[in-house]
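Here is a short report to read beside the model. Keep the viewer open as you go.

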Amino acid sequence: MDVFELIVVGGGASGFMSAITAAENQVKKIIILESSNKLLEKVRISGGGRCNVTNASWVPSEFIENYPRGKKKLLESFSRFATGDVFEWFQDKGVKLKIEDDLRVFPISDSSLDIVNCLKKNAQSMGIKIDIKKFVKRIERVDNDSLFKVFISKDDFLFSKKLLISTGGHPSGYRLAESLGHQIIKPVPSLFSFSCKDNKLKECRGVAVKNVDLEIYLNNKYYKSQGDLLITHWGFSGPSILRLSSEAARDLYEKKYNFKLSIKWTNLDLYELNNRMNKLREYNGTSNLCNLRPIPSLTKRLWVYLLNKLEIDNTKTWSSLFSKEKYRLINTLLNDEYQITGKGPFSEEFVTSGGVSLDEVSFKTMESFICKGLYFSGEVLDVDGITGGFNFQHCWTSGWLAGKAISN
Ligand SMILES: Cc1cc2nc3c(=O)[nH]c(=O)nc-3n(C[C@H](O)[C@H](O)[C@H](O)COP(=O)(O)OP(=O)(O)OC[C@H]3O[C@@H](n4cnc5c(N)ncnc54)[C@H](O)[C@@H]3O)c2cc1C
């Protein structure tokens, strides 16, 4: 009977990292089984084809704050393999990385293919067998639980001493984990934009606003985020929205994505806004409201939309603005509300929140506490991060830890 030392189920970022690390640490017979006909497909399409490999934040206790699910457990993993190690790992293998102003890390070539090719080339040169179009249907423990029997079909199966499940957010991976005794936290989407059925808002599509504050109140909890916002033809997107979708992912799912979004369009407070508007009334009284904005960073299109929303005639002059109208404007700039009716049609950087329950896995080794010789890495676990390279960092870290532990 031919027995592998390690079978990796899933040929994505974390599966490759794990297989290569195990091979570099003298694990000999390794095979990666990938169900599709494409390896590392998500790496290829990631970051708009550039692959945001990680994030250049160096302090693990701060780094973990970017993971709405996983936080505390990840401290243990990141203290062993973090951003700096990823830099070294890829640079040693010939892929130079660069840090952008917002701390996101990309290959210097701006091409995700550098990462894909690096992982493929290193796996091949280490003698790792890679089989595509091999969908793992079922796994059994045999030979007094010392081996895993991995079924592609009834008559097509392989044996292995150790097994890594790195199937990302694919439902089959959760079923495999469950069949081996694991509990699955219900998978729900994270990192999505918001749909809003305000037809007039469409006039502002393409408008980007810097540094807004967002808030959602759901199930007696406040979710907040700050950052740039983009108005799209279906509603809202941009980093601040994606972050909020991630923080609130589970409650939003429960509410079927029907909720109120509050937007604070400016970092000025009530007093400052009032002062500005009083000055406009006093010194620029003959200017039309639509032509002179109290916050120049708000585009004219958005400003006119807000005036129209409040049914304030945008052609009237600042001196004819009633005090009541002024306070309604201030109130809207500080706390504008939108009814969100669903997720946006595109998933910018869709990841799954939920997966294998974290209490059942060691974050030193990624080995299951329930099934000896079984390991997990990447998105199949109940870990997910916000945008900015955090999801791949978790893949590299968990993959590396599993690969190391498998070799021991
Ligand atoms: C459009 C997009 C852009 C993204 N951009 C970024 C980014 O720039 N930075 C970042 O940090 N994150 C990004 N992400 C998230 C990131 O891609 C994922 O977190 C990461 O790919 C997860 O890696 P993984 O190895 O866990 O799983 P995956 O990459 O999903 O790999 C799992 C593999 O397992 C295979 N598989 C599943 N079930 C089976 C089975 N039963 N048998 C055999 N094979 C199976 C699948 O076909 C797949 O190839 C992006 C995601 C998307 C969708």
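## Ground rules

Helices (H or I, at least four residues) and strands (E, at least two) are DSSP runs, numbered from the N terminus. This is a predicted model: local features need pLDDT of at least 70, side-chain atom pairs count only at pLDDT 80 or more, and totals for chains, interfaces and linings use all residues. Residue numbers start from 1 along each chain as its sequence is written.

Helix 5 spans residues 83-92. Its buried residues are Thr83, Val86, Trp89 and Phe90. Buried means that 20 or more other C-beta atoms, placed from the backbone, lie within 10 Å of the residue's own; exposed means 12 or fewer. The four cover an arc of only 120° around the axis, so they sit on the same side of helix 5. That arc is taken from the directions from the helix axis to the C-beta atoms.

The face turned away from the buried side carries exposed Gly84, Glu88, Gln91 and Asp92. The buried residues pack against strand 3 (54-55), strand 4 (97-99), helix 6 (113-125) and helix 13 (390-406). Contact here means C-beta atoms, placed from the backbone, within 7 Å. Just after helix 5, Gly94 takes a positive phi of about 95°.

## The barrel

Six strands form a closed barrel in the order 11-14-13-12-15-16, with antiparallel pairing. Two strands pair if DSSP finds at least two bridges between them. Strand 11 (residues 194-196) and strand 16 (residues 336-343) pair in the antiparallel sense over three bridges. Ser195 stands opposite Gly342 in strand 16.

Conventions
Contact = placed C-beta atoms within 7 Å.
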